[in-house]
Amino acid sequence: MKKVVVASVLAVATGTAFYLPAALALDDDQSQGAQSGQITIKDPAEYNAYTNAVGQSSPAAKASAIEQFLQQYPNSVVKEDMLTQLMAAYEQAGNADKELDAANRLLAVNPNNLRALTLVVYMEKKATTDQTKLDDAAAKAKQALAAPKPTTLSDADYEKLKAATTPIFEDAIATDAVAKKDYKSAIDAYTAELKAYTDPAQTQAGPGLLATYNLGNAYVQEDPKDLVQGIWYLTRAAQFAPAGYKDQIEKAAEYWYKKYHGGMDGFDQVKTLTQTNLFPPDSYKPVAAPPPPSPQELAHQAVTSTPDLKSLALADKEFILANGTPEDAGKVWAVLKDVTAEVPGVVVSATADSVQLAVSDDAKQSQKADFTINMKTPLKEIPQTGAQVTFVGTFDSFTQNPPMIILRDGEPPAPAKKTPARRPVHHPSGN
């Protein structure tokens, strides 16, 4: 499973973008402070210009009138209010660049303006390949979470705004942490994001569902991994994922469950629990289950329960070599040493003289090589990283830590011979 691909397509499929306007929406009482008596404009000309600007019905016309007002009255007492409305007008007009510019201008006036912070954080977090923007989004998100309650908002409106914006801020902090491979911080932020949703149903679609999936991934990527927690959130994400992504996410959950537990018994109960619980309850099966066998114990079981070690699949032989006792690993290596065989895998790196492959599921998951094929003669065509290939080689040596199996005399497999077409038999009779 390519977890980065799944995360991006899930974000699109769950409609993340639809949540931002709700967080930024203004009602008339909140946006027109000057008209409601909260702010007094003493200059009649300035007041007329203000009422003209905010009274425009077209978003484009309103934005233009506000820009003209701000140019004419750069130090107006309603500057923050006008920049807030300017940001909203550009949003309604569909001009994202101007909307972001208005938000940054608003932050220059009031660094703690939650709506401006929300917009800037959201827009910068979308630039996931720009670490500078991710860092700035995370910094502004932390600033927003610590910002005091605006004096112009009622307690009820403030709580409503916090409920809408806190998940956005926590997600930006988590996204920045993941980009830096700081999975512990990412776990804290994704957990806080899920706790910020006032209704568990919000985690069954949209950003809440994506955060659930990302939290599961963070748990299985941190060092050391917390598979018990990772399995839970990946399994829950699979229960609500859109068709087409559900199977892929559930396979990831199954992979880690089997790796943790040693088998799939109990997984159906876990799926049932995740359908009705956002966070793991005390009855969560993996927590209550006995500790799974250690990799060394699993390797020994495989050796002792297999009459003919040659019949083991290559992946099982590799597992025993990597995890077994010296005695168990030696028994398996005895049936592999000097044997010539085909080895299929994904290219991790390659030169003309040597190709490193990820062959096992673990190696493919972590994109680390576990086989090295040293060529008999230099390759004329060097395979690209990520290509699925098959090479023939003779087992030569192995290391247990880090796990690596080395083959000599490597070469691409010979192309399959075509069966010559049978020529028709002509009888003297012509029949």
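pLDDT is the predictor's confidence in each residue, from 0 to 100. Keep that in mind, since this is a predicted model, where local features need pLDDT of at least 70, side-chain atom pairs count only at pLDDT 80 or more, and totals for chains, interfaces and linings use all residues. Residues are numbered from 1 along each chain as its sequence is written, and side-chain values use heavy atoms, with hydrogens and water left out.

**Stop 1: colour by confidence**

Colour the chain by pLDDT. The average is 86, and 85% of the residues score at least 70. Now select residues 1–19, where the pLDDT is below 50; beyond near neighbours in sequence, this stretch has 39 contacts in the model (a contact means heavy atoms within 4.5 Å). Next, select residues 26–37: pLDDT stays under 50 here too, and the model has 25 contacts for them beyond four places in sequence.

**Stop 2: helices α5 and α6**

Select residues 59–72 for α5 and 79–93 for α6: their axes come within 8 Å and cross at roughly 150 degrees. Axes are lines fitted to C-alpha atoms, for helices over the stretch in contact, and angles run from 0 to 180 degrees between N-to-C directions. The two helices are therefore roughly antiparallel to each other (the label for angles over 145 degrees). Their crossing is left-handed, that is, the near helix is turned anticlockwise from the far one by less than a right angle.

Show the side chains where they meet: I66, F69 and L70 are among those in α5, and M82, L83 and Y90 are among those in α6. By class, this contact has 12 nonpolar, two polar and three charged residues. Ala, Val, Leu, Ile, Met, Phe, Trp, Tyr, Cys and Pro count as nonpolar, Asp, Glu, Lys and Arg as charged, and the others, Gly among them, as polar.

**Stop 3: helices α8 and α9**

Move on to α8 (residues 114–125) and α9 (residues 131–145), with axes that come within 8 Å and cross at roughly 155 degrees. That makes α8 roughly antiparallel to α9. The α8 and α9 crossing is left-handed. Residues to click include L117 and V121 in α8, and L134 and A137 in α9. The contact of α8 with α9 has eight nonpolar, one polar and five charged residues.

**Stop 4: the barrel**

How many strands close into the barrel? Five do, in the order β1-β2-β3-β5-β4, with mixed pairing. From one strand to the next, the twist averages 55 degrees.

Select β1 (residues 340–350) and β4 (residues 388–399): they run antiparallel, joined by seven bridges. (Two strands pair if DSSP finds at least two bridges between them.) Zoom in on V343, opposite F391 in β4, then on P344, opposite T390 in β4.

β1 and β2 form a hairpin with three residues between them, and A350 has V355 in β2 as its bridge partner.

**Last stop: helix α19**

Select residues 326–336. This is α19, which lies across β4 and β5 (404–411) and runs at about 125 degrees to β4.

Technical notes
Helices (H or I, at least four residues) and strands (E, at least two) are DSSP runs, numbered from the N terminus. Angles under 35 degrees count as roughly parallel, over 145 as roughly antiparallel, 65 to 115 as roughly perpendicular and the rest as oblique.
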